[in-house]
Amino acid sequence: MDNWIIQIIESLGYFGIAFLMFLDNVFPPIPSEVIMPSAGYTASRGQLQIVGVIIAGSIGSILAAAVLYAIGRKIPQKALFRWVDRYGRYLFIHSKDLEKALNWFERYGHRIVFWGRMIPAVRSLISIPAGMSQMPFSKFMLYSSLGTIIWTTFLACIGFYFGENQELMFTIMHRVGYIILAITLCFCAWWLYRKFYKIKPR
């Protein structure tokens, strides 16, 4: 684990966790896959409560998602791509990442917001196409919150129970990451089948 992340968490507590998870969504090089296990590990040593860790991490992530949703809703697509082309490198965001999120959203609909909150890179940007498409805010927050809470709970518990064995912890995270991606791809295949190949009733 990155020691500086643990130092921030130990110094600022739950606020530090929420702040770091907020940054995770707007500044992808600070990944939740490091933040939340570090927070869970801190809780395992008795400095924080695991429930508080999960709540703080979820709040920070959901707030960032709402901000990105608002950006997507207010800024025209061409203007947003121009901004990313000019300034995105400072946030380690590229036009191809934004385009990928847009394509996922256009192909698989609103429910991809739920799955997207658990997929690296897509998680940080899926809120923008949701805003661009004028997805109802209440529906966006529901799907986004469910996906976020599941993901932050999983990561925090991994750090809480396996933080002392980092090799095992990262092995579990990688395997679960593949499982989530496989489930997402199955959902996408099912959605495409229903949309394009479903046999019409006689």
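This is a predicted model: local features need pLDDT of at least 70, side-chain atom pairs count only at pLDDT 80 or more; totals for chains, interfaces and linings use all residues.
Let me begin with F137, which counts as partly exposed at 42% relative accessibility, where partly exposed covers the range between buried, under 20% relative accessible area, and exposed, over 50%, with a 1.4 Å probe and protein chains only. Residues are numbered from 1 along each chain as its sequence is written, and side-chain values use heavy atoms, with hydrogens and water left out.

The chain contains ten helices and zero strands, these being DSSP runs numbered from the N terminus, H or I of at least four residues for helices and E of at least two for strands. Of its 202 residues, 47% are buried. If we take contacts, meaning heavy atoms within 4.5 Å, with a separation of 6 or more, 72% of them are between residues 24 or more positions apart.

Back to F137, then, and its partner. The structure holds six aromatic pairs, a pair being rings of Phe, Tyr or Trp (its six-membered ring) with centres within 6.5 Å, called stacked if the planes are under 30 degrees apart, edge-to-face if over 60 and tilted for the rest. Among them is the tilted pair of Y69 and F137, at 5.3 Å centre to centre and with 55° between the planes. This pair connects distant parts of the chain, since Y69 lies in helix α3 (residues 50-74) and F137 in helix α9 (residues 137-162), 68 residues apart. Together with F140, Y69 and F137 make up one aromatic cluster.

Let me turn to helix α2, residues 32-44. How much of α2 is buried? Twelve of the 13 residues are, so α2 is largely enclosed by the rest of the structure; the buried residues include M36, P37 and Y41. After α2 comes G46, with a positive phi near 85°.

Finally, I59 is found in helix α3 and is partly exposed, with a relative accessible area of 44%.
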